[in-house]
Amino acid sequence: MDTASRSDRIAVYPGSFDPITLGHLNVMERASRLFDRLIVGVGINIEKQPLFTPEERVELIRCATRNLPNIEIRTFSGLAVEFVRSCGSQVMIRGVRPITDIQAELTMMMANRRLAPDVETLFMVADGELAHVSSSLIKQIAPLAGEEELARFLPREVVRAVQAKLASRSGPAR
């Protein structure tokens, strides 16, 4: 258990963040204003082939949130509700897109309530034009989009990292 004082209001925002988007960042900024501490949990799923390593994702989130002093970034594997508990929290933040995520997130929330009745899930929708952005969308458009297009969806530091990662994976041009 964390050494945080009992009066600290701690929330945990778990996700893959592969990569962190402006939608994720919007949720982090708003959640960090509601809680004394926000712990961002970078999930490690060995069954997925991520674009970035967990360590790279932590560093990208650290760069994007450097102006938010009450955010801490950690990696975790296993159940998100167990990670929330291990952080000394009873609040899990979930960023949702209004149309595509609601059904799956409600199902997951109900399962989490059965696993950990003491952990509450709070859903947050990213502001306006960011509500539809997902890491999956970024992976689809990134090979075709330029820096300015990607900057509409990603923090600037992340745009460069995505472009560099894609360039290193594609190898030399033929």
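Predicted model: local features only at pLDDT ≥ 70, side-chain atom pairs only at ≥ 80, totals over all residues.
A residue counts as buried when its relative accessible area is under 20%, as exposed over 50%, and as partly exposed in between, using a 1.4 Å probe on protein chains only. Residues are numbered from 1 along each chain as its sequence is written, and side-chain values use heavy atoms, with hydrogens and water left out.

Let us begin with the whole protein. Its secondary structure comes to seven helices and five strands, where helices (H or I, at least four residues) and strands (E, at least two) are DSSP runs numbered from the N terminus. Read from that end, the elements run β-α-β-α-β-α-β-α-β-α-α-α. The C-alpha trace spans about 55 × 35 × 35 Å along its principal axes. For 174 residues, a compact globule would have a radius of gyration near 16 Å, and the protein agrees with its 16 Å; the radius is taken over C-alpha atoms, and the globule rule is 2.2 Å times the number of residues to the power 0.38. Of the 174 residues, 45% count as buried.

Now follow the chain into strand β1 (residues 10-15), which is mostly covered, with five of its six residues buried. Strand β2 (residues 37-43) pairs with β1 in the parallel sense over six bridges; two strands pair if DSSP finds at least two bridges between them. To find this pairing on screen, look for A11, whose bridge partner in β2 is L38. On its other pairing, β2 joins strand β3 (residues 71-76), again in the parallel sense and over six bridges. Here V40 stands opposite I73 in β3.

What links these strands? β1, helix α1 (residues 22-34) and β2 make a right-handed β-α-β unit, and so do β2, helix α2 (residues 54-64) and β3. Right-handed means that, with the strands pointing away from the viewer, the path from the first strand over the helix to the second runs clockwise.

Ten of the 13 residues of α1 are buried, among them L22, H24, M28 and R30. At the N-terminal end, T21 caps α1, with a side-chain oxygen 3.2 Å from the backbone nitrogen of G23.

S134 is buried, with a relative accessible area of 12%.

Finally, how many aromatic pairs does a search of the whole structure find? There are two, where rings of Phe, Tyr and Trp (its six-membered ring) pair if their centres lie within 6.5 Å, with planes under 30 degrees apart counted as stacked, over 60 as edge-to-face and the rest as tilted. Y13 and F17 are edge-to-face, at 5.1 Å centre to centre and 85° between the planes, and both are buried. The rings of F76 and F83 have centres 4.4 Å apart and planes at 10°, so this pair is stacked.

Notes: Polar contact = N/O pair within 3.5 Å; in protein donor to acceptor, adjacent residues only side chain to side chain.
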